[in-house]
Amino acid sequence: MPISELIRSFFVTSGPGGVVVVFVIVIAATIYYLLTRWILAGGGEEQDSDRFN
Amino acid sequence: MVRQRTFHPENVHEESILAPIYKISSKDLLLWSGLLIILGVGAYAYFQQLISGLGVTGMNRPIYWGVYITNFVFFIGLAHSGTFISAILRLAGAEWRKPLTRAAEAITLFSLPFAVASIVADMGRPELVLNMVIYGRFQSPLIWDITAVSLYMFSSVVFFYLSLLPDIALIRDRITGIPKWQHRMYEILSLGWQGRSQQYHRLEKVLDWMAIFMTMLVVTVHTVVSWVFGMTIQPGWHTALIGPFFLLGAIYSGTAAVVIVLAILRRVYQMEEALPIDLFNSLRKLLIVFSLGWIYMMIAEFLTIFYGNIPEEMEVFWQKFTGDFSVIFWGMTILVFIIPLFILIVKGKNNIRWMVIAGVLINIGMWLERYVVIVPTETRPRLLYELAQGVYRPTWVEWAITLALFAGMILLYAIFTRFFPIIPLWETAESLEEDEQKVATRRQRIFGQRIQSRIKKEHDHANQ
Amino acid sequence: MTKWSMVIDLDKCVACQGCSMACRFENNTPVVSPDEAALGRSIFWNDVFPLRSEEESAIASGQAKFLTRPCMHCEDPPCTKVCPVGATYQDTEGIVRQNYTRCIGCRLCTVACPYGVRYFNWYEPTWEESLERHLTPDQIEGRAVSEGPSIRPKGVVEKCTFCVHRLFKERDRAAAEEREFRTEDFVPACVQTCTAKSRYFGDLDNPNSTVSQLAQSRRAFRLLEEAGTHPKIIYLHEG
């Protein structure tokens, strides 16, 4: 399949758009989760992971 | 669970800032129940619509979009206040923004869900909303909208929550005499925050990074919202200016909303000291700039259309200037620009009352502006502008749902102020309480010299 | 590839609205009350209206110019482009179709269409009793598919489909009779019924078809050509 066809079908087919939405949100969620952990890890002595949830 | 040692910032206004959290007064309950009643009426109206169909609204052919979509655009606009104040001004290093960041961000947080609700209310088959994910086509501007708005909503929640963390921890440790469940809630939400300087540094760093991202999101989100209209070829909508125009209007109405909210908080919760009048004067300058920017956009938009004199564009143009929408159009111009500008320049300085009046007028006017962008175009669609002369009269259902959305937003806000400090304690603190073992490490400067100075202050304090 | 197209000769059209009627019965179009119609909620997949906002007297004296308007079935449709779920789409033969089961009722397509040919079901569709008994049985329904004359739920968009169910039926008939399907076999209800025989239907890709020949006429024009939608409804000027 030529690359232009592939790009075109990404836009015109139903389905990929929803994948993009979910993908963006999941990526964001992961990054925010890691950042939050990182901030809290700046804290005190015990580093038990239980504290984060 | 071993109790960690925790450290909290010292803030002279702590008492007055935390005062609203101690008790829920009967006035609160009165307000809340009043808002709940409005919400109930709205729910009833929506139920009616759900049962019989969108026919209970005033929408018809060719006016397929009405008050609901107007609400959607307006709420998204309102949401821009918080991000503007806390993200853009954070990047700009405007120190004066600190006391009002949370109050502004809370507007963002609590208006976004109602923007989404407006869209759902407008859908013919809300039960199929998941089709957007299952069958989403990325060619559709509506899917851009879903992506942008949901990311924006999610990011605002995180941005808001992170900057709230130290304060939740402070309440957890300092406030007594609250119900057990409430205390437990603070314990869970504070995620074991200890207030170590390392944590503060990292928090500041993350907030700085996020501020960059949020600034980009603010621009993107409202532009994408406008593209739902701009991507069609309808006269009046199909203009490249629609994105920037929506964005500017959004920040304008958002900032005006911040003025209103701050004035109410200051009055109701006696926060005169924590929210000095200088804040209002700074906001006043911003508002003057935005109002001038708004009229610039107006002239740029309408002069281009008028001079070009394209027949179908002119149909919509005259609808606004002299036709069915002339009252709303000129009323909007007066409410958004003429009166507020006069008030802000002549009366607004050091006068909160006048500022609030201007803020209210601006917000009413901006709602009308959204309306007047959306509906007149639909009354004169391209082919049928001579034939289908659409008339749109919103029905009680639409008004009830609109009121309910606003009531819901106010309700969430009011409840929030009774559970969390609405002025950030740690950001406005004179010093972060001493953390005895740890010496603050030097951090790379990105945007906040302020952090540097705070750390330095801490050092000095420790050395004494 | 077949490219279905319609030619409407305005010189022959007498504005009898027979096409509108035939369309209504063929496609199970919901009927609305007079109050609703006054609000602008009546549904005409195939509409007939005076071309300028003519006065009543002009219409009465036969001076008014009329236009009959089905869906333009654009080659580059603005409506299918904006649909977030692909409920409206262009099939391989150029017909712009609408799947009622997938439509979420956001009405972005209705505002995007410059011709105003898309209609929304404001209420659950209803018919008077006698009409209810004579609904077209040719309904396109399958798993997650409901198109053409199928009964619409409330809250979805519907539009002219060139009577696509007739195309399916004729294809099936040709197969059953073990012969090749000919493009002449398929005509939409409005073309079949047209009193003045002002409508022609056929394959625009076939240079010998009637529509192709008529499309070459000096009287030929299309609505809103400047909008860049490339409609496949070709009108022939009066006179």
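Helix axes here are lines fitted to C-alpha atoms over the stretch in contact, and angles run from 0 to 180 degrees between N-to-C directions. The model is predicted. On that basis, helix α6 (residues 141-174) of chain B packs with helix α7 (residues 180-189) of chain B at an angle of about 140°. Their axes are 9 Å apart.

**Helix packing in chain B**

- The angle of about 140° between α6(B) and α7(B) makes α6(B) oblique to α7(B).
- The crossing of α6(B) past α7(B) is left-handed.
- On the α6(B) side, the contact is made by Ile168(B), Ile171(B) and Arg172(B).
- On the α7(B) side, Tyr186(B), Glu187(B) and Leu189(B) make the contact.
- By class, this contact of α6(B) with α7(B) has 4 nonpolar and 2 charged residues, with no polar residues.

**A cis peptide bond in chain B**

- Arg61(B) and Pro62(B) are joined by a cis peptide bond.
- Omega for this bond is about 5°.
- Pro62(B) sits in the loop between α2 (26-52) and α3 (67-91) of chain B.

**Positive phi angles in chain B**

- Leu191(B) is not a glycine, yet its phi is positive, at about 55°.
- The loop between α7 and α8 (197-230) of chain B holds Leu191(B).
- Leu191(B) has 19 other C-beta atoms within 10 Å, so it counts as partly exposed; the cut-off for buried is 20 or more.
- Asn309(B) is not a glycine either, and has a positive phi of about 60°.
- Asn309(B) lies in the loop between α10 (277-308) and α11 (311-321) of chain B.
- Asn309(B) has 9 other C-beta atoms within 10 Å and is therefore exposed; the cut-off for exposed is 12 or fewer.

**Where chain C touches chain B**

- In this contact, 36 residues of chain C meet 38 residues of chain B.
- On the chain C side, the elements giving two or more residues are α4 (78-82), α5 (108-112) and β6 (119-120) of chain C.
- α5(C) supplies the largest share of that side, with 4 residues.
- By class, the chain C side that touches chain B has 22 nonpolar, 7 polar and 7 charged residues.

Conventions
Residues are numbered from 1 along each chain as its sequence is written. Chains are lettered from A and ligands numbered from 1 in the order in which they are written. This is a predicted model: local features need pLDDT of at least 70, side-chain atom pairs count only at pLDDT 80 or more; totals for chains, interfaces and linings use all residues. Angles under 35 degrees count as roughly parallel, over 145 as roughly antiparallel, 65 to 115 as roughly perpendicular and the rest as oblique. A crossing is left-handed if the near helix is turned anticlockwise from the far one by less than a right angle, and right-handed if clockwise. Two residues are in contact if their C-beta atoms, placed from the backbone, lie within 7 Å. Ala, Val, Leu, Ile, Met, Phe, Trp, Tyr, Cys and Pro count as nonpolar, Asp, Glu, Lys and Arg as charged, and the others, Gly among them, as polar.
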